[in-house]
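Let's take a friendly walk through a protein model, one piece at a time. Have the sequence and the 3D view ready as you read.

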Amino acid sequence: MTIDPPGPLLIQGCDVLVVPESGDVTVRTAQDIRIDDGLITAITPTGQLVPDGVEILDGHGLLATPGLVNGHTHSPMVLFRGAAEDVPVHDWFNKRVWPMESNLTDRDVYYGALLACAEMISSGVTTFVDHYFTPHEIAEAVAESGIRADIAPTYFSSQGRDALEATVAFAEQWHGGAGGRVSVSMGPHAPYTVNDDDLTLLADHARRLGIGVHLHASENVQQAESSLARRGVTPIEVLQQTGILDAGVMIAHGCGILPRDYDMLAAHADRIAVASCPKVYLKHALWPLTPIRDLLGLGVTVAAGTDGAAGHNTLDVWEALRLVAETQKLETRDAMFLSVSDTLRLAMRGGAAAARLGPGAGALEPGQRADIALVDLSGMRHRPLHDPRAALVYGVQTHDVKSTVVAGRVLMRNRQLLTVDVPGLLAEIDSRAGRLVDLSSGASVQFYDP
C-alpha cells in the first residue's frame, strides 16, 4: 500500500530555524510556510500568504526545524531493544543479537520496521538511513507510513551469489519508489564479513545504478588493528582498493579510522559520509570515538545516527545529536568544538547529505523538500528560553515534537500519528516478542570475529 500524493499545505505562524551552510544558525519569527507538490514554495512573514484551498497546519508557538535524519540505523532491531544489555561487544553479537536475529520472519521485519517508522515520525525524524535484512518488508513499511528512507540490504559473503544478486535486484526495483521517498544503497555488511571480490562487484553495481554504498568500516580501533595484522591494510584501505570509496559510501561509525587513512578520505571527500552513533560506543565501552573534528577538516560529511535500538534502545536522534556534541567536547578537550550551530548543521544538513537528499537539503528554503518538524519549546524544561538553538541541542525530548511533515504530507498532527494504527501495531509486536528472543535453537546469522 502507498499513500496518496498530498495537496497544498500552509503552516501558519511558526518560527523557522534557519540552517545556513556555514555560520550561525538563527531563528526567523512569525512565519508562514507554503508547500506544494511536496516542496516548500514560499516562506514569508505570517499573514502574507492567502490560505484559500489549502490544508492548514497551525504552527503558532512552535519552531519549525528541518526534519531530522537518522544517519545510520537498523530499523527492525527495535524488536530487540533491552534484550542485549551489559555485555561486551563480542558477546553482544555472538551470544545475543545475531542468534536472536535468526528467529526473524519476513513479517517480523515488516512490523519491526513499521514500529521504527512510527517511533521516528513521532520524534521529528523524516528520513532514516537503514541497513538490514529482508529489505522489501522495510520498503513496504516506509511506503505505508509516509516517512523517507535510504535502504541498504545487508549482505554477507557467506550468503552466496544468489543473495548478492537479490540485493541488486532490490535496488533496481525500489530505488526511487514510494513516490521518491525510498532510495537504495548497496549494503555489504563490513570488510570483515564481505570479501574483496564481492565489495568490488557491489561497488560496480552502485556506480552502474547511480546509487551509493552503506557499510560498517573501522567501527573501532581494534578492527583497524586486526585488519593491519591480518592483511597489512586498514579497513579504509580495503574500501579504497575495492572501489567503494570511489563509488560513494556511508561509513557507519568510523571510530577506528586512522591518520594513515586521511589522504584517501580527503581524495574522495565529496562522496563519503560517516555516521557517528555515540550512545552505543558508550554502552559497549568502545574508545576512541568517531574522529569528527578531523573528518570535517578533511571535507568529509558527518551525520548523527542511533544505530539499531538493540544497542541504542531508542531511535531518538535528538539524543544522538546531543551525545555527539557532548562526547566530542570531551574527546577533543575543547568546550568550543561543535557549537550549537555546528551541531544542528551536522545533524540537519549533514544528515541530509549523508542520505543523498540533494544539494541544499537539510534546510527550510523554497525549492527544498517539505520535510519539517514542529517543536514546542514552551514547556518548563525550556524556560526561560534564552537560546532556542541550545534548547534543541541540549534539552529537547521526543514529546516536544508536536507535528511532523514529510514530502508535504502531515504524518503527525498534535502528537497524533495519522498513517500508522499504533494500538494495533503494538499488539502485533507484543504477540511476537517472546519468540524473538528465544536462544534455544543455537542458530546465528553470522559470527563476529573482525
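Helix α2 covers residues 106-121 and helix α3 residues 135-145; their axes come within 8 Å and cross at roughly 40 degrees. Axes here are lines fitted to C-alpha atoms, for helices over the stretch in contact, with angles from 0 to 180 degrees between N-to-C directions. Among the residues of α2 in the contact are Val109, Tyr110 and Leu114, while α3 brings residues including Ile138, Ala141 and Val142. Contact means heavy atoms within 4.5 Å.

## About the model

This is a predicted model, where local features need pLDDT of at least 70 and side-chain atom pairs count only at pLDDT 80 or more, while totals for chains, interfaces and linings use all residues. Residues are numbered from 1 along each chain as its sequence is written, and side-chain values use heavy atoms, leaving out hydrogens and water. Helices (H or I, at least four residues) and strands (E, at least two) are DSSP runs, numbered from the N terminus.

How do α4 and α6 lie relative to each other? They are roughly parallel: the axes of α4 (residues 161-174) and α6 (residues 196-209) cross at roughly 15 degrees and come within 11 Å. On the α4 side, the residues that meet α6 include Leu164, Val168 and Ala171, and their counterparts in α6 include Leu201, Leu202 and His205.

## The open sheet

Now look for four strands in the order β10-β11-β12-β13, which form an open sheet with parallel pairing. Because β10 (213-217) and β13 (301-304) stand at the edges with a single partner strand each, one side of each has no neighbour in the sheet. From one strand to the next, the twist averages 25 degrees.

Inside this sheet, β11 (residues 249-253) pairs with β12 (residues 272-276) in the parallel sense over four bridges; two strands pair if DSSP finds at least two bridges between them. Met250 stands opposite Ala273 of β12. Helix α15 (residues 340-354) lies across β11, β12 and β13, and runs at about 110 degrees to β13.

## One buried serine

Ser183 sits in strand β9, residues 182-184. Is Ser183 buried or exposed? Ser183 is buried, with a relative accessible area of 18%; buried means under 20%, exposed over 50% and partly exposed in between, using a 1.4 Å probe and protein chains only. Leaving aside residues up to four places away in sequence, Ser183 touches Ala149, Asp150, Ile151, His175 and Gly176.

Terms used: Angles under 35 degrees count as roughly parallel, over 145 as roughly antiparallel, 65 to 115 as roughly perpendicular and the rest as oblique.
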